[in-house]
Amino acid sequence: ESSSSAAAAAAGEVETVSTPAVAAADAKKIFAAACTTPRQEQIAYEMLMKIGDAWKMRGAEQDEEEPFEGATEAGSHAFVVGQRIFSTEAWKDSQRPLRAAAAMLTGDAWKQGAACHYLGCAYFHERMQARDGGGAAGERLLDFAAGAFQAAVAARASFGPEDKRAAKEVAGSLLFLGRVLVEKKQFQNSERVTMQALDVSRKAFGDDGEMTKQCMSAMVGLRQRVQREKA
């Protein structure tokens with residue numbers, strides 16, 4: 001499975017574009033279309049530029065107010081920009097619009113969860129491409145990825161355990177979080193969140209559900225990895 005399709009499984013299909021340059025050329029037009037007034041565009045653009053890697057991830061809740069008038073629409077368009085850049089596997093370039101989307105979409109917990117999941121994938125894939133894990137910078141990327149996946153889980157979990165669509169996305173983000181923790185050598189925590197994903201899936205879909213089977217497979221793979229590390 002390709003790295004971009006892994007995220008698409010949890011957040012919907014993405015239109016693929018040829019290069020990061022093509023995506024960047026479209027980004028300004030797409031983002032500007034989000035705002036109905038010059039003031040909204042200015043506020044959204046400033047938020048886009050100011051959000052850095054130090055921003056503390058926070059999952060939205062249902063019916064939460066948007067941070068400024070028009071933020072949800074602007075955030076939705078920023079998310080499209082991030083998705084398009086992500087589809088080119090330009091992981092680092094996709095992170096700024098995805099962070100902006102996550103910050104502006106506090107009025108739409110479902111979309112914010114998707115933006116956070118994509119952002120976590122972007123951090124994770126950037127780190128996995130780094131030579132020798134990227135050293136201290138690579139570790140920070142894993143920390144950022146963990147925070148993004150946790151925020152994705154929080155946003156989608158706000159819909160409650162009875163929402164099967166949300167349960168699937170919660171389990172998917174938890175599985176990615178488990179992969180991040182494996183790379184951080186936090187095997188006990190990885191097993192804990194993978195088991196949490198399995199529990200969510202079993203309650204929503206039963207033992208024979210496709211998502212449940214994916215969680216079981218992930219648990220088997222995790223335990224095999226731990227055994228190799230201990231050998």
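Me: Why is Trp110 called buried?
Reply: Trp110 has a relative accessible area of 16%. Buried means under 20% relative accessible area, exposed means over 50%, and partly exposed lies in between, with a 1.4 Å probe and protein chains only. The value of 16% therefore makes Trp110 buried. Please note that this is a predicted model, in which local features need pLDDT of at least 70 and side-chain atom pairs count only at pLDDT 80 or more, while totals for chains, interfaces and linings use all residues. Residues are numbered from 1 along each chain as its sequence is written, and side-chain values use heavy atoms, with hydrogens and water left out.

Me: What makes Trp110 and Phe159 an edge-to-face pair?
Reply: Their ring centres are 5.5 Å apart, and the planes stand at 85°. Rings of Phe, Tyr and Trp (its six-membered ring) pair if their centres lie within 6.5 Å; planes under 30 degrees apart count as stacked, over 60 as edge-to-face and the rest as tilted. Trp110 belongs to helix α6 and Phe159 to the loop between α7 and α8, so the pair ties together parts that are 49 residues apart in sequence. Phe159 is buried, with a relative accessible area of 19%.

Me: Why are Phe149 and Phe176 called stacked?
Reply: The centres of their rings are 5.3 Å apart and the planes meet at 25°, so the pair is stacked. Phe149 is in helix α7 and Phe176 in helix α8, 27 residues apart, and the pair links these distant parts of the chain. Phe149, at 0% relative accessibility, counts as buried, and so does Phe176, at 9%.

Me: How do you know that α7 is roughly antiparallel to α8?
Reply: Helix α7 (residues 135-157) and helix α8 (residues 164-183) pack at an angle of about 165°, with axes 9 Å apart. That angle makes α7 roughly antiparallel to α8, given that angles under 35 degrees count as roughly parallel, over 145 as roughly antiparallel, 65 to 115 as roughly perpendicular and the rest as oblique. The contact of α7 with α8 has 13 nonpolar, two polar and three charged residues.

Me: What makes α6 and α8 roughly parallel?
Reply: These two helices pack at an angle of about 25°, with their axes 11 Å apart. They are therefore roughly parallel to each other. Among the residues making the contact are Trp110 and Phe124 of α6, and Phe176 and Val180 of α8. The contact of α6 with α8 has seven nonpolar, three polar and five charged residues.

Me: How do you know that Thr106 is buried?
Reply: Thr106 has a relative accessible area of 7%, and that makes it buried. Thr106 sits in the loop between α5 (91-104) and α6 (109-129). Thr106 and Ala155 are 49 residues apart along the chain, and their C-alpha atoms are separated by 8.9 Å.

Me: Why does Trp91 count as buried?
Reply: Trp91 has a relative accessibility of 4%, and so counts as buried. Trp91 is found in helix α5. Ring pairs link Trp91 with Phe79, Phe86 and Tyr118 into a cluster. From Trp91 to Gln129 the separation is 38 residues in sequence and 9.6 Å in space, C-alpha to C-alpha.

Key: Axes are lines fitted to C-alpha atoms, for helices over the stretch in contact, and angles run from 0 to 180 degrees between N-to-C directions. Helices (H or I, at least four residues) and strands (E, at least two) are DSSP runs, numbered from the N terminus. Ala, Val, Leu, Ile, Met, Phe, Trp, Tyr, Cys and Pro count as nonpolar, Asp, Glu, Lys and Arg as charged, and the others, Gly among them, as polar. Contact means heavy atoms within 4.5 Å.
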